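Please read them with the coordinates open.

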Amino acid sequence: MNVGDVVGEFSLRDEQGVERSLSELLSGGPLVLYFYPAAMTKGCTAESCHFRDLAAEFAALGARRVGVSADSVERQREFSDAHGFDFPLLSDPDGTVARMFGVKRSFGPLPTKRWTFVIDADATVLAVVRSETRMAVHADRALEVLKERAAQS
């Protein structure tokens, strides 16, 4: 999935077991969909907490934040409860959506690459953030893209 691509419909269960579809997630405006390797790990916690801590900035731009990993619904719930996340964490245990976005790893201990997609309300990819080691860059860059989008409107 690259800038300019249109994301196809998908649905996954969130940390509460509720089925969430792309069209529902986009219904209120743009979406920041971030893939992370594993809940409750140091890097993924830092990244997710940074998204949480920037809630007001994302809300001001009308954007939703959603995390995705291969973790089970139960593990996602534990992760969300432990850190007070105010956004959905989707469970993609078989990697179907990760494959769709090109972030499914073919080998190694971590099932998913740490990539973030900024998706406009029409399902077009506005930006892709790729960094395995700079946890804060994902939310920071997504905000930059959303601010640029708002300035052009």
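Are W115 and F117 buried or exposed? Both W115 and F117 are buried, and the points below set out what surrounds them in this predicted model.

1. The pair F35 and F117. These two rings form an edge-to-face aromatic pair, with 5.9 Å centre to centre and 85° between the planes. F35 lies in strand β3 (residues 31-35) whereas F117 belongs to strand β6 (residues 115-119), so the pair ties together parts that are 82 residues apart in sequence. F35 is buried at a relative accessible area of 0%, and F117 likewise counts as buried at 0%.

2. W115 and F117 make a tilted aromatic pair, for which the centres are 6.3 Å apart and the planes stand at 50°.

3. Strand β3 and its partners. Five of the five residues of β3 are buried; L31, L33 and F35 point one way from the strand, while V32 and Y34 point the other way. β3 runs parallel to strand β4 (residues 64-69), to which five bridges join it, and L31 stands opposite R64 in β4. With β6, β3 pairs in the antiparallel sense, again over five bridges, and the bridge partner of L33 there is F117.

Note on methods:
Residues are numbered from 1 along each chain as its sequence is written. This is a predicted model: local features need pLDDT of at least 70, side-chain atom pairs count only at pLDDT 80 or more; totals for chains, interfaces and linings use all residues. Side-chain values use heavy atoms; hydrogens and water are left out. Rings of Phe, Tyr and Trp (its six-membered ring) pair if their centres lie within 6.5 Å; planes under 30 degrees apart count as stacked, over 60 as edge-to-face and the rest as tilted. Helices (H or I, at least four residues) and strands (E, at least two) are DSSP runs, numbered from the N terminus. Buried means under 20% relative accessible area, exposed over 50%, partly exposed in between (1.4 Å probe, protein chains only). Two strands pair if DSSP finds at least two bridges between them.
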